[in-house]
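Open the model in your viewer and keep the selection panel at hand. The stops below say what to select and what is found there.

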Amino acid sequence: MIANYGYEDGSGFYYITIDTDVCVECVEHGCMKACPGSVLAIEMDDYDDLVATVAENARKRLRELCSLCKGQNGSGGTARRLPCTDACPGGALRHSW
Ligand code: SF4
Ligand code: SF4
């Protein structure tokens, strides 16, 4: 399943997309361990598989929380290397900004 978390406001679109079909095969869950902003969490899905998700309290604050990695204005765009995407062996994570 492709899961989208985030929001848009006057300054842009801020979404994290997670391919949970990839997470089902993941043992290390490195994305969560690598995230300095506690944005990512591992949760049980409806099929009793552990998958990555965006923490409930982070979903409307992605721009602010991810500025730890991206800089205050999100500079660098989607091409910038990030701890979460670097730590994901299957390429399950994408950021929209
Ligand atoms: S590291 Fe990647 S595959 Fe593993 S749980 Fe995180 S997002 Fe899913
Ligand atoms: S960009 Fe940084 S703060 Fe945002 S989810 Fe990735 S590792 Fe966490």
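About 110 Å³ of space lies in the largest cavity. Of the 16 residues lining this cavity, Cys35, Cys66, Cys69, Cys84 and His95 are the closest to its centre. Helix H4 (67-70), helix H5 (83-87) and strand S5 (93-95) are the elements that give two or more residues to the lining. By class, the lining of the largest cavity has 13 nonpolar, two polar and one charged residue. The structure holds one cavity of 30 Å³ or more.

This is a predicted model, in which local features need pLDDT of at least 70 and side-chain atom pairs count only at pLDDT 80 or more, while totals for chains, interfaces and linings use all residues; side-chain values use heavy atoms, without hydrogens and water. Residues are numbered from 1 along each chain as its sequence is written, and chains are lettered from A and ligands numbered from 1 in the order in which they are written.

Some terms are needed here. On a 1 Å grid over the protein atoms alone, a cavity is a set of points where a 1.4 Å probe fits but cannot get out; a pocket is an open set with protein on both sides within 12 Å along at least five of seven lines; lining residues have an atom within 4 Å of a point. Points are joined across faces, edges and corners, and a volume is the space filled by probe spheres set on them. Helices (H or I, at least four residues) and strands (E, at least two) are DSSP runs numbered from the N terminus. Ala, Val, Leu, Ile, Met, Phe, Trp, Tyr, Cys and Pro count as nonpolar, Asp, Glu, Lys and Arg as charged, and the others, Gly among them, as polar.

Now select ligand 2, which sits in the largest cavity (more than half of its atoms lie within 2 Å of the grid points). Around ligand 2 are Cys35, Pro36, Val39, Leu65, Cys66, Cys69, Pro83, Cys84 and His95 (a heavy atom within 4 Å). Eight of this shell are nonpolar, one is polar and none is charged.

Histidine 29 counts as buried because its relative accessibility is 15% (buried is under 20%, exposed over 50%, partly exposed in between, with a 1.4 Å probe and protein chains only). Its phi is near 50°, a positive value in a residue other than glycine.

**Two exposed loop residues**

Serine 38 lies in the loop between H2 and strand S3 (40-44). Serine 38 is exposed, with a relative accessible area of 54%, and has a positive phi of about 55° although it is not a glycine. From there, go to asparagine 57, 19 residues away in sequence and 9.6 Å away in space, C-alpha to C-alpha. Asparagine 57 is in the loop between strand S4 (50-54) and helix H3 (62-65), and counts as exposed at 60% relative accessibility.

**The largest pocket**

Where is the centre of the largest pocket? Among its 14 lining residues, Met1, Thr20, Asp45, Asp46 and Val51 lie nearest the centre. The volume of the largest pocket is about 220 Å³. S4 gives the largest share of the lining, three residues.
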